[in-house]
Amino acid sequence: MTAQGTEPTITEGGPTPAPALTSGHRLTFGDLSCTALPGDAITCTSPDGWFTVANGVLTTS
């Protein structure tokens with residue numbers, strides 16, 4: 001509130017994002033395993049296939 005009255009505000013919230021996964025590090029969720037690649041790319045594999053995202057391009061099996 002100000003001397004002139006109320007003012008609309010925007011409040012953003014949510015959890016703090018996790019730090020970026022550095023190249024060569026891997027996360028595994030059950031059968032899905034994802035590995036960070038150089039250049040902010042990532043590749044993920046599972047028993048059913050794989051995908052890679054590099055330079056904004058999705059490649060799949």
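**Checking the labels around S33**

Guide: Keep in mind that this is a predicted model. Let's start with a side chain: S33 makes a polar contact with the side chain of R26, at 3.4 Å.

Visitor: What makes the S33 and R26 pair a polar contact?
Guide: The cut-off is N or O atoms within 3.5 Å, with one able to donate a hydrogen and the other to accept it. The side chains of S33 and R26 come in at 3.4 Å, so the label applies.

Visitor: Why is S33 called buried?
Guide: Buried means under 20% relative accessible area. S33 has 15%, therefore it gets the name.

Visitor: Where does S33 sit, and what does it touch?
Guide: S33 lies in strand β2, residues 32–37. Beyond its neighbours within four places in sequence, S33 is in contact with R26, L27, T28, T43, C44 and T45.

Visitor: How do you know that β2 and β3 pair?
Guide: Pairing takes at least two bridges. β2 and β3 (residues 41–46) have five, in the antiparallel sense, so they pair. Along that pairing, T35 stands opposite T43 in β3.

Visitor: What is the strand order in the sheet?
Guide: It's an open sheet of five strands, β1-β2-β3-β4-β5, with antiparallel pairing.

Visitor: Why are β1 and β5 called edge strands?
Guide: β1 (26–29) and β5 (57–60) each have a single partner strand, so one side of each has no neighbour in the sheet.

Key:
Residues numbered from 1 in each chain as written. Predicted model: local features only at pLDDT ≥ 70, side-chain atom pairs only at ≥ 80, totals over all residues. Heavy atoms only, no water. Helix = DSSP H or I, 4+ residues; strand = E, 2+ residues; numbered from the N terminus. Buried < 20%, exposed > 50% of the residue type's maximum accessible area, 1.4 Å probe, protein only. Contact = heavy atoms within 4.5 Å.
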